[in-house]
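Reader: Could you take me through one part of this model in detail? I would like to look closely at the salt bridges.

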Amino acid sequence: MPGKHISYSKVLQTLAYGGRIHTIDGTYDDGVRFSEQHAEELGLFVCNSINPYRIEGQKSIVFELAQTLDWRSPDWILIPGGALSHGAAVGKGVDELYRLGFIRSKPRIAIVQAEGASPFYKMTVEGKEALVPEPKPFTRASALNIGNPPSWQKALRYAIRGTDGLVLCVSDEEIMEAKREIDRAGIGCEPASAAGLAGLKRLSARGLAGRSDSAVCILTGHLLKDADVLEELYAPGLARSPVPLTPDAVRKVLGR
């Protein structure tokens, strides 16, 4: 794994399960490229985004979503865009449901990238046919910190062209504000997941999504994935002085 710009909360879980971890002198993109080039000679099976079985498993998200909505398509589905496997999978699932007649219309898919790691966004906005990797991506949303997303071709085919979708780009500040709203809703998510809600706000500001439209923001990571961000956002709100355990003191704290 890369030695920096990663979620240590996930690393600790891997260690807890008995895994062995070694850091590499490189980025996520370097690791993916190495895996593609050398996995066969090393006798390894690549489980990441380029694995077609992963896409087939992820697309079941859409099947469950359609069933939950009684087979009525939302107007929009918003997905964070890092490696772009989620975008590819959701787009493929939508395509299959539509062709098989389970849904009557396709929702439009919006893939949302962070400003510091947005090669897919730049490709679509500039009208290019091929993605130009970003050599030094950086965003505080660790799962989006990918400069050369391996699943961009499938995401372009299924999610963007297949649903008349689009790619959005939001700042880290917008992502963190959206995360606060999701956390306060009692659901909670990692920062990268909140990019979907930040993207929905962009759609609304551009007049592409109104109050009568329905939208689904897919959360891709757990609240505790980037625990250091939780401490940064919420630790300042901790009361520093203890409350005396008396009825009057507790009433005061409760505002009664």
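Author: Asp95 and Arg99 sit four residues apart in helix α5, so about one helical turn separates them. Their side chains meet in a salt bridge, with N to O at 2.9 Å. By salt bridge I mean a side-chain nitrogen of Lys or Arg within 4 Å of a carboxyl oxygen of Asp or Glu. A helix here is a DSSP run of H or I with at least four residues, a strand a run of E with at least two, and both are numbered from the N terminus. Asp95 is buried, at 17% relative accessible area, whereas Arg99 is exposed, at 58%. Buried stands for under 20% relative accessible area, exposed for over 50%, and partly exposed for anything in between (1.4 Å probe, protein chains only).

Please keep in mind that this is a predicted model: local features need pLDDT of at least 70, side-chain atom pairs count only at pLDDT 80 or more, and totals for chains, interfaces and linings use all residues. Residues are numbered from 1 along each chain as its sequence is written, and side-chain values use heavy atoms, leaving out hydrogens and water.

Helix α5 (residues 85–99) also holds Glu96, which pairs with Lys59 in the loop between α3 (52–58) and α4 (60–68). The closest N and O atoms of Lys59 and Glu96 are 2.8 Å apart, and both residues are buried. Altogether, the structure holds 20 salt bridges.
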